[in-house]
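Visitor: I would like to go through this model term by term. Please show it to me.

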Amino acid sequence: MKRRSFLKSSAVAAGAAAAFAPLASAARPQAAAQNKEVYEWRVYQLTGGGAKTTLKKYLTEALMPFVNSKGGKVGIFSEYSLQDPPKLYVLCTYPNMQDYFAIQQEMVTSETFQKNAESYHQLPAEKPLFERYQTYLLEAFDAIPQLRQPAAGRGLFELRTYESYNEDAGRRKILMFNKEELPLFDRVGLHSVFFGKILAGPQMPALMYMLWFNDMAERETNWGKFRVSDDWKTMSGKPEYANTVSKVNKIFLLPEEGSQI
């Protein structure tokens, strides 16, 4: 009986150790995660009229100061080719995941934020500013753990989303960026703003990144350099990076007045 009890207890202990092993190993990269920014990307489908002006007032006078006070930034963008009804794109940066959750909670209790957002919150239900907004939550890549502030003269942004057919394909594409592709981007003038793994959003599994250029002519020239480079031909032919991207989505954006990015 005693031997049976001992074996049973040993098995339970071994199972518990195995169950908690991932948690122990996860504790090791915690410090690294603390240094990686978290991004929220929002896409507002506006209702038209003065909706854009009113929403920007809330973003610049309420949300932006609050996020700034916590070490983040807010970027505001519109589409390069106009759509009707229009969309407004918003990027919020946060120092890390822990701060992201803390900031979301504090936003509800902050008297300063609530006061600055009062006129926005009291808008009548029969006159909404937007139909709905989509939101994506991202964690920065290891190779670019913090957003790179674009030059003051930036005139054009390119936002790209790469969808993968499964999680492992997405992991391998992120590995490709971190190890080989991002240094090539820098060399040929594809100016990085941020790169992030999408943790939650309508397109999963996927990654998202943003580039900036002075204009469309620079964009075309520098992507041309990338496509014909020997480095790209070599890395794209490696079997470990095969079939990592199943769909590419891209949009071109212009910075709105008041945007911090």
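Guide: Start with a hairpin: β6 and β7 form one, with five residues between them. The model is predicted, so local features need pLDDT of at least 70, side-chain atom pairs count only at pLDDT 80 or more, and totals for chains, interfaces and linings use all residues. Residues are numbered from 1 along each chain as its sequence is written, and side-chain values use heavy atoms, with hydrogens and water left out.

Visitor: What makes β6 and β7 a pair?

Guide: Two strands pair if DSSP finds at least two bridges between them. Six bridges join β6 to β7, so the two strands pair. They run antiparallel. Strands here are DSSP runs (E, at least two residues), and helices are runs of H or I with at least four; both are numbered from the N terminus.

Visitor: Into what do the eight strands close?

Guide: They close into a barrel, in the order β1-β3-β2-β8-β5-β7-β6-β4, with antiparallel pairing. Neighbouring strands of this sheet are turned by 35° against each other on average, direction ignored.

Visitor: Why is the contact of K52 and E256 called a salt bridge?

Guide: The term needs a side-chain nitrogen of Lys or Arg within 4 Å of a carboxyl oxygen of Asp or Glu. For K52 and E256 the N to O value is 2.7 Å, so the pair qualifies. It links distant parts of the chain: K52 lies in helix α3, E256 in the segment after β8, 204 residues apart.

Visitor: What makes K173 and E181 a salt bridge, and are they buried or exposed?

Guide: Their side chains meet at 2.9 Å, N to O, so the pair counts. K173 has 4% relative accessibility, so K173 is buried. E181 is buried too, because its value is 2%.

Visitor: Which residues do shared partners join into one network?

Guide: E158, R160, R219 and E220, through salt bridges. By this rule the count of salt bridges comes to 16.

Terms used:
Axes fitted to C-alpha atoms, helices over the stretch in contact; angles between N-to-C directions. Buried < 20%, exposed > 50% of the residue type's maximum accessible area, 1.4 Å probe, protein only.
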